[in-house]
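Please read the points below with the model open beside you.

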Amino acid sequence: MTILKSVAALLTVALLAACAGPSKSTVDENAASSAGAQTGAVSSGVSDSGAGQGGAMGGSALGGPGASQENRVIYFEFDRFDVKSEYNAVLQAHGKYLSANPVSRVRLEGHADERGSREYNIGLGEKRAQAVRNVLLLQGAASDQISTVSYGEERPAVTGDDEEAWTLNRRVEIVYGQ
Amino acid sequence: MTRPNLYRAAAFLGLLMISAGLRAELQIEITAGVDKAVPVAVVPFGWSGTGAQPPQDAAAIVAADLARSGRFAPMDRKDMLQRPTTGAQVDFSDWKIQGTEVLVIGRVVQGAGDQFQIEFQVFDVLRGEQLLGYRQATNAADFRRNSHRVADLIYEKLTGIRGIFSTRIAYITATGPADKRVFRLIITDADGENPRIMVESGQPIMSPAWSPDGRRIAYVSFENRRSEIYVQDLRSGSRKRVSARPGVNGAPAWSPDGRQLAVSLSRQDGNLDIYTLDLDSQVLTRLTSGAAIDTEPAWSLDGQQVYYTSDSTGRPQVYRVPAQGGASQRVTFEGSYNARPRVSPDGKQLAVVHNDRGNYRIALVDLARTYTQVLSDGRQDESPSFAPNGETLIYATREGRRGVLATVSANGRIKQRLSAVEGDVREPAWSPFPPN
């Protein structure tokens, strides 16, 4: 699944870059891993786990406003704000889209699960949004294209007080047109 | 930070609504009291005035207050063998037989216009002595509040501790379905009556904080789809936006002199640090820096130190830093998680959210000995706030999946649950004492 996604991302990114013409950034297969090295927030490039799973990509864009819902949400581990490597391809695609479309704007909405104190969770949501922002910047997005907000635990995606709900609530939502 | 921008008075249209017409929002239930509550009788007060009865039943309000403290067990009115309204009518032997230890009687006397006097006397039944006699003036509008004040005076006479019945509680509610959530900042009397909606918004409202004089409240609102700090005057309802800097604007805490807010800001770098904000001059002073999340400031009583939460060692712990700037010092060491400090009214303890074997619970940290005492027993308890007499804390907990409020005495013995008619209730903040 991850490999399929990543391949699709590279294809999408290549297409987007081609559309944008030669003046904009070119696709670098190692971009994700070099980003990881620079920020410490992203672990190395394309993962080899999950190979062989099905999952048709259906030709939808990984990045940009046309990305499916699942490609506009980045999930995090408990009490952590490092971006997991499985999101490299998706974020690369978003970054390249922004780079290729300088008038496009994106708002990164950081969230936390309900555990712990509320203002600390605002901090955690902000860190998560910033971590995603840093990846997008490294992928060629400009800083004035990206705004961030943290809702902490105030705007859960799902209600519930179990691990399943918490997992879905620790997230950054990528919202275009903001 | 342009001054006109920050000081711009916000438009209230559609957002702000002050209402006094709500039904009681909080229902209070005592879940644990002291082993032996003192038997007390509060006899219905006499009435001398023009109407059929006084504006409110002062004796009922006093009895309910004393019962809610968990320390007193008021006698049911129907069990009273006599209903004296003056000292001369009191026969102590009847009360002794019924085991009453404290007797309260009184009279409401109407004066000119809508003025009233609530006269009351408190007797030690066993000794047959008057402990307290007092006359409390009030107008009709403040009759209920002044009845609570009567209860405060009685409580203080009997326990030596200033009563908190005439204080108020601010809290946040979230109601409605997830896609149409309505957030409100509500203030009620300490008995859950007289709720007023101070702010209502379709976006989150957080972190209400009373000014030391009890006249203003600071809070965080996301009404412009980002966090901003507002200060609202409770009487007039008017408000100012005091911090809307890039990034997070959060966790306002008033300095003891009411002139500054300690806040947590992320500014450009996305990293939360503690600052003080002078409300008049708008001067910001940075107190912490570095990559950690630093938030949830709380002032020491003398205004010299600011306690706060930091995860600089990986997990949240409480630190303190001089309010004028300087080196930070770690304060909590027991347990993997201690956050959101609140300083006790005597300055000797911090109430924190403490991870107790996987559960988030309210704990008291003794500042001299750094000894930690867990007070609550929920899984997701948060937002502790001291009553101004330090005897009780209010905090947010869960009842099933709903957020409710609970109180616990600082010795852990007396517990109450405060639940709303609907929706989640959270982030309680106990007011200071009202002015005398």
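1. Leaving aside neighbours within four places in sequence, Leu261(B) is in contact (heavy atoms within 4.5 Å) with residues including Ala218(B), Ile229(B), Val231(B), Val242(B), Trp254(B), Leu277(B) and Trp299(B). Leu261(B) also belongs to the largest nonpolar core, which has 38 residues. A nonpolar core here is a set of buried Ala, Val, Leu, Ile, Met, Phe, Trp, Tyr and Cys residues joined through side-chain atoms within 4.5 Å. Buried means under 20% relative accessible area, with a 1.4 Å probe and protein chains only. Among the members that touch the most others are Phe222(B), Val242(B) and Leu393(B). A second, separate core of 24 residues includes Val62(B) and Tyr155(B). In soluble globular proteins, nonpolar side chains tend to be buried together.

2. This is a predicted model, in which local features need pLDDT of at least 70 and side-chain atom pairs count only at 80 or more, while totals for chains, interfaces and linings use all residues. Residues are numbered from 1 along each chain as its sequence is written, chains are lettered from A and ligands numbered from 1 in the order written, and side-chain values use heavy atoms, without hydrogens and water.

3. How many cavities of 30 Å³ or more are there? The count is four. A cavity is a set of points on a 1 Å grid over the protein atoms alone where a 1.4 Å probe fits but cannot get out, and lining residues have an atom within 4 Å of a point. Points are joined across faces, edges and corners, and the volume is the space filled by probe spheres set on them.

4. The largest cavity has a volume of about 100 Å³. Of its 13 lining residues, those closest to the centre are Glu119(A), Ser207(B), Ala251(B), Arg340(B) and Arg342(B). By class, the lining has six nonpolar, one polar and six charged residues.

5. The second largest cavity has a volume of about 70 Å³. Among the lining residues closest to its centre are Phe78(A), Asp79(A) and Arg115(A). H4(A) gives the largest share of this lining, four residues.

6. Chain A has a mean pLDDT of 75, and 66% of its residues reach 70 or more. The pLDDT is the predictor's confidence in each residue, from 0 to 100. Over residues 1-59 of chain A the pLDDT is below 50. Where pLDDT is low, the predicted coordinates should not be read in detail.

Terms used
Buried < 20%, exposed > 50% of the residue type's maximum accessible area, 1.4 Å probe, protein only. 1 Å grid on protein atoms, 1.4 Å probe; cavity = no way out; pocket = protein on both sides within 12 Å on 5 of 7 lines; lining within 4 Å. Nonpolar A, V, L, I, M, F, W, Y, C, P; charged D, E, K, R; others polar. Helix = DSSP H or I, 4+ residues; strand = E, 2+ residues; numbered from the N terminus.
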